[in-house]
Protein chains: 2
Amino acid sequence: MQIGLDLMKELSITSPTKIVLLVIDGLGGLPHDNSGLTELETACTPNMDKLALLGNCGLLQTVGIGITPGSAPGHLALFGYDPFVFTIGRGALEAMGIDFDLQPGDIAARGNFCTLDGNELISDRRAGRISTEEGKNLCHLLDGMAVDGVRIIVQAVKEHRLVAVFRGEGLSDELSDADPQQTGVPPKEVAALAPGAERTARIVNRFLAQTRERLAKHYPTNMVLLRGFSKKPDFPTMADTYKLKATAIANYPMYSGLAKVIGMDVLKTGSTLADELYTLEQNYHNYNLFFIHIKGADAAGEDGDFKRKVSVIEEVDRALPRLLTLKPDVIVITGDHSTPAAMAAHSWHPVPCLLHSRWCRPDRLTKFSESECRKGSLGLMPATSLMPLAMAHALKLTKFGA
Amino acid sequence: MQIGLDLMKELSITSPTKIVLLVIDGLGGLPHDNSGLTELETACTPNMDKLALLGNCGLLQTVGIGITPGSAPGHLALFGYDPFVFTIGRGALEAMGIDFDLQPGDIAARGNFCTLDGNELISDRRAGRISTEEGKNLCHLLDGMAVDGVRIIVQAVKEHRLVAVFRGEGLSDELSDADPQQTGVPPKEVAALAPGAERTARIVNRFLAQTRERLAKHYPTNMVLLRGFSKKPDFPTMADTYKLKATAIANYPMYSGLAKVIGMDVLKTGSTLADELYTLEQNYHNYNLFFIHIKGADAAGEDGDFKRKVSVIEEVDRALPRLLTLKPDVIVITGDHSTPAAMAAHSWHPVPCLLHSRWCRPDRLTKFSESECRKGSLGLMPATSLMPLAMAHALKLTKFGA
């Protein structure tokens, strides 16, 4: 049985107990050819292992069996938000990723600079992956246009990628993509997908026509492809749902953006794990849920760098005693998905998870690892069940029924 | 969380990787009184055991806890089709079983030749299990009647079993059975179960009356019992859903018929496992999903023949190296349900399942068996999750969300 946000809202109570959710992005892995051990199994993690002994372990199924989650659904599931119900459009997500302050009513689209050939057909969807610097300059060229009272904000993301935000009255995000996601064809006209979206479609198409003009002489970056028109999501907040004062300590805008969407505060922090811990310590009295995001493991996994992923995990383990000095009532260590170095990509493999609190019925496992987690009391658990479990162990849930 | 066909349709991509789904019909069993070991546990299966070591194992729940599946729901679940949603009527299923080319609009019914006594009461529902030859001759006698513009095609199945197909305009399959499924009572009048089915009910009853007349002098096969009136199912295809070129290598028309319903090609093959493997080899380059059906284990189980079921499993194991020479990217070995020899029938017990691919996080189990599968990483898994998992391991699914 899956426990939804409504039930959490009904059962949750405010209390001073504190939950730390340590998300090691891409934590799950696959065995190394030589040793037969995964990244986590290879890492020397005496502090995590000590928690595994008295805590509960299991494997989290983020989205569903066989499904590889993106970062957004992966994190939403950890926070208890069913990723099939709480979906975020591509455009809104990209805007969150550059920390763009999307307003209610704004329509955001994800964009690429691309190359059109002499016949106005797309010859390169990424315009040769131009530099981030170049992308920025070209975005300046397009930023600030106005069409029919609607202002269009264009901001660079990285390399050829950009965000276009349409700001004005009465806009709709029920629009088809302009990006055909293939070469040898022209960009598509944007069409209304619902009644009432026709005006927005016209505005977007006029913006795109003007963009084509402005970029005419900038071959090979002579056009922009837009897709994923979407509004800022309107999700219940962590405060509404769990009665938590929740905060995010995360270095990457994508994750802090996601945290904001569910009403978390976002704390300014530095780029190292020590910085993140310092931020935690400084703000420990102000909140009762701390989402700490550690990017390094995922980045190493994506690079196919087994050894580096191992050392990121070991670095987290070494930092753990400092974190535990704060004596959080519940500490959870897990990931938002697996990123096996062997695959150099996100994967569908379930994610090791450890929950420690003085109220655990101890699993007495000897190591925090994929293979030990398989024997843990959490079993193969939907990630959306993690928050109810953390809340319970923090004694923040009342009884269901009399 | 269960992943439906719609999500598969959204996430699946075409790729050259190949999946082999080896279905040992009725694979699951119960311990022998003497040894305490099931059929699979008794069998010497070094090749499957090797796959279990590096692959993932679990127990499949075909329909639901405690539910004994028929062959059709059992197989549909393996292909990812929720057997509660995708139901096939008995008549349509029986028609599929003899490779009858059911047309849209046709109503098929499953039939038995039976014996009526002097009081028009059923004394034997199977007319003494007449020979298949005799059944064929009697079907000729009934085939081709017409009632109210509707043509009735009668074809023999096996022994006393037959299929009756009503072909004409405006027919409904919302009909009650004529077969009371007990003796000592008369055959039932067929009744309309929904408005609009009254005419079809009348036609069927007139056909049955004429059948009684034609068979009057053929005691003990002097009547036909019909049940399971149904149309050809209209299901999404494997190609639509998974973007797979899928084929079935199956000896029994029931299974090839089922495969056709979900758009699989059906390959002509011989009656032995070696024939099936030869067919696989000859067609290996043409497809990327191969459903290989092995009937022997179920037949032995139904006969209560523990020893024969063991040897069928051992025969499959011996053939495995030949199959593995093809180096499929994913191989799955499982069954559509359990058929314990101790019960001489299908049963509700979950079915051992093994999935092997180079992208498995290995379970390191020492044997492919019910008791080891219980420790496997797949846990007790809904059978409908098998295809998403196989697709994932074949790298045929894209990420969910950004």
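**Entry 1. Conventions**

I note that this is a predicted model, in which local features need pLDDT of at least 70, side-chain atom pairs count only at pLDDT 80 or more, and totals for chains, interfaces and linings use all residues. Residues are numbered from 1 along each chain as its sequence is written, while chains are lettered from A and ligands numbered from 1 in the order in which they are written.

**Entry 2**

I looked up the contacts of Phe291(A), leaving aside its neighbours within four places in sequence. The partners are Leu21(A), Val23(A), Ala246(A), Ala248(A), Ile249(A), Ala259(A) and Met264(A). I call a residue buried if 20 or more other C-beta atoms lie within 10 Å of its own, exposed if 12 or fewer, and partly exposed in between. A nonpolar core is then a set of buried Ala, Val, Leu, Ile, Met, Phe, Trp, Tyr and Cys residues joined through C-beta atoms within 7 Å. The largest such core has 248 residues, and Phe291(A) is among those with the most contacts inside it, as are Leu21(A), Leu21(B), Phe291(B), Val332(B) and Cys353(B). I recall that in soluble globular proteins nonpolar side chains tend to be buried together.

**Entry 2. Domains of chain A**

I read the domain bounds from an automatic or database domain assignment. For chain A it gives domain 1 as 5–88 + 234–393 and domain 2 as 92–230. The C-alpha centres of these two domains of chain A lie 35 Å apart. Their contact takes eight residues from domain 1 of chain A and six residues from domain 2 of chain A. Helices (H or I, at least four residues) and strands (E, at least two) are DSSP runs, numbered from the N terminus. Helix 9 (residues 253–261) of chain A supplies six residues, the largest share of the domain 1 side. I count Ala, Val, Leu, Ile, Met, Phe, Trp, Tyr, Cys and Pro as nonpolar, Asp, Glu, Lys and Arg as charged, and the others, Gly among them, as polar. By class, the domain 1 side has six nonpolar, two polar and no charged residues.

**Entry 3. Chain A against chain B**

How many residues does each chain give to the contact? I find 25 residues from chain A and 18 residues from chain B. On the side of chain A, helix 4 (71–78), helix 5 (90–97) and strand 14 (379–382) each supply at least two residues. That side has 14 nonpolar, eight polar and three charged residues.

I also looked up how the copies are related, with superposition by least squares on the C-alpha atoms of residues with pLDDT of at least 70 in both. Chain A can be laid on chain B with an RMSD of 0.9 Å by a turn of 116° and a shift of 0.1 Å along the axis. That is the relation of a three-fold axis. Only 4% of the interface residues of chain A are also interface residues in chain B, so the copies meet through different surfaces.

**Entry 4. Two helices**

An α-helix has 3.6 residues a turn, so residues three or four places apart point the same way.

Helix 9 (residues 253–261) of chain B is mostly covered, with seven of its nine residues buried. These buried residues pack against helix 4 (71–78), helix 5 (90–97), strand 9 (246–249), strand 10 (265–266) and strand 11 (289–294) of chain B.

**Entry 5. Backbone details**

I recall that most residues other than glycine have a negative phi, and most peptide bonds are trans. A cis peptide bond joins Tyr219(A) and Pro220(A), with omega about 10°. Pro220(A) is in the loop between helix 7 and strand 8 (223–230) of chain A. Leu395(A), although not a glycine, has a positive phi of about 55°. I place Leu395(A) in the segment after helix 14 (386–393) of chain A. Leu395(A) counts as partly exposed because it has 14 C-beta neighbours inside 10 Å.

Conventions. Two residues are in contact if their C-beta atoms, placed from the backbone, lie within 7 Å.
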